[in-house]
Amino acid sequence: MRVVIVMNSAYGVKILRTDLIRFILSKGHKITVVCSFENSKLDLEHLGVSTICWDVSRSGMNFYREFRSLIQLRRILMEIDSDVILNFTSKAIIYGSIAAILAGKKNVVSTFSGLGYLFTDNHSRRSFQR
């Protein structure tokens, strides 16, 4: 089985999803991680997963850039022969779900595991966005 994990940062995948990745790999399945990369790409590849860079901003609100991220994710998901897509983090869940539908993917699992950056940052501009 081919599993795709979509998150907005490689660091988040490394810190929060390493145990899940090891479990899935131990069952003989293949994993592709789709996320933006800071410095953690090699750490993920050392786990035995393939990686694809997705140009997404964790906190961005620019309509053009966000729309471009959605279209890029749709194209990535169309190119991957996947059996299941696992979306984590708010943007990955929203964009990943829409992109999967547009790419004709059927098996999508989205998991919220917290409030997200918008609700944890105390910047005064964020109160309006919330």
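Reader: Why is lysine 91 called buried?

Author: Happy to start there, and please keep in mind that this is a predicted model. Lysine 91 has a relative accessible area of 12%, and buried means under 20%, so lysine 91 is called buried.

Reader: What makes lysine 91 and glutamate 66 a salt bridge?

Author: Their side chains meet at 2.8 Å, N to O. The cut-off is within 4 Å, so the pair of glutamate 66 and lysine 91 qualifies. Glutamate 66 sits in helix 3 and lysine 91 in helix 4, 25 residues apart, and the pair links distant parts of the chain. Glutamate 66 is buried as well, with a relative accessible area of 8%.

Reader: How many salt bridges are there in the whole structure?

Author: A search of the whole structure finds 4. Another of them joins lysine 14 and aspartate 43, at 3.0 Å from N to O. Lysine 14 belongs to helix 1 and aspartate 43 to helix 2 (residues 41-47), so this pair ties together parts that are 29 residues apart in sequence.

Reader: What makes arginine 68 and aspartate 55 a salt bridge?

Author: The N to O distance between their side chains is 3.5 Å, and the limit is within 4 Å, so the pair of arginine 68 and aspartate 55 counts. Arginine 68 is in helix 3, while aspartate 55 is in the loop between strand 3 (50-53) and helix 3, so the pair ties together parts that are 13 residues apart in sequence. Arginine 68 is partly exposed at 38% relative accessibility, and aspartate 55 is partly exposed at 33%.

Reader: Which residues do salt bridges with shared partners join into one network?

Author: Asp55, Arg65 and Arg68 form that network.

Reader: Why does lysine 105 have no salt bridge?

Author: The nearest side chain of opposite charge, aspartate 81, is 5.4 Å away. A salt bridge needs a distance within 4 Å, so aspartate 81 does not qualify as a partner of lysine 105.

Reader: What lies around the side chain of lysine 105?

Author: A polar atom of the lysine 105 side chain lies 2.8 Å from the backbone oxygen of isoleucine 80. Leaving out residues up to four places away in sequence, lysine 105 touches Leu77, Ile80, Asp81, Ser82, Ile85 and Ala100.

Reader: Why is glutamate 79 called exposed?

Author: Glutamate 79, in helix 3 (residues 63-79), has 64% relative accessibility.

Reader: What makes strand 2 largely enclosed?

Author: In strand 2 (residues 30-35), 5 of the 6 residues are buried, so the rest of the structure largely encloses this strand. Strand 2 pairs with strand 1 in the parallel sense over 5 bridges. Valine 6 stands opposite valine 34 in strand 2.

Reader: Which residues of the largest nonpolar core touch the most other members?

Author: Of its 16 residues, those are Val4, Val6, Val34, Trp54, Leu73, Leu77 and Ile85. Strand 1 (2-6), helix 3 and helix 4 each supply at least two residues of this core. Apart from it lies another core of 15 residues, including Ile5, Met7, Val49 and Phe88.

Methods: Residues are numbered from 1 along each chain as its sequence is written. This is a predicted model: local features need pLDDT of at least 70, side-chain atom pairs count only at pLDDT 80 or more; totals for chains, interfaces and linings use all residues. Side-chain values use heavy atoms; hydrogens and water are left out. Buried means under 20% relative accessible area, exposed over 50%, partly exposed in between (1.4 Å probe, protein chains only). Lys and Arg count as positive and Asp and Glu as negative; His and the chain ends are not counted. A polar contact is a pair of N or O atoms within 3.5 Å; within protein, one must be able to donate a hydrogen and the other to accept it, and residues adjacent in sequence count only if both atoms are side-chain atoms. Contact means heavy atoms within 4.5 Å. Helices (H or I, at least four residues) and strands (E, at least two) are DSSP runs, numbered from the N terminus. A nonpolar core is a set of buried Ala, Val, Leu, Ile, Met, Phe, Trp, Tyr and Cys residues joined through side-chain atoms within 4.5 Å. Two strands pair if DSSP finds at least two bridges between them.
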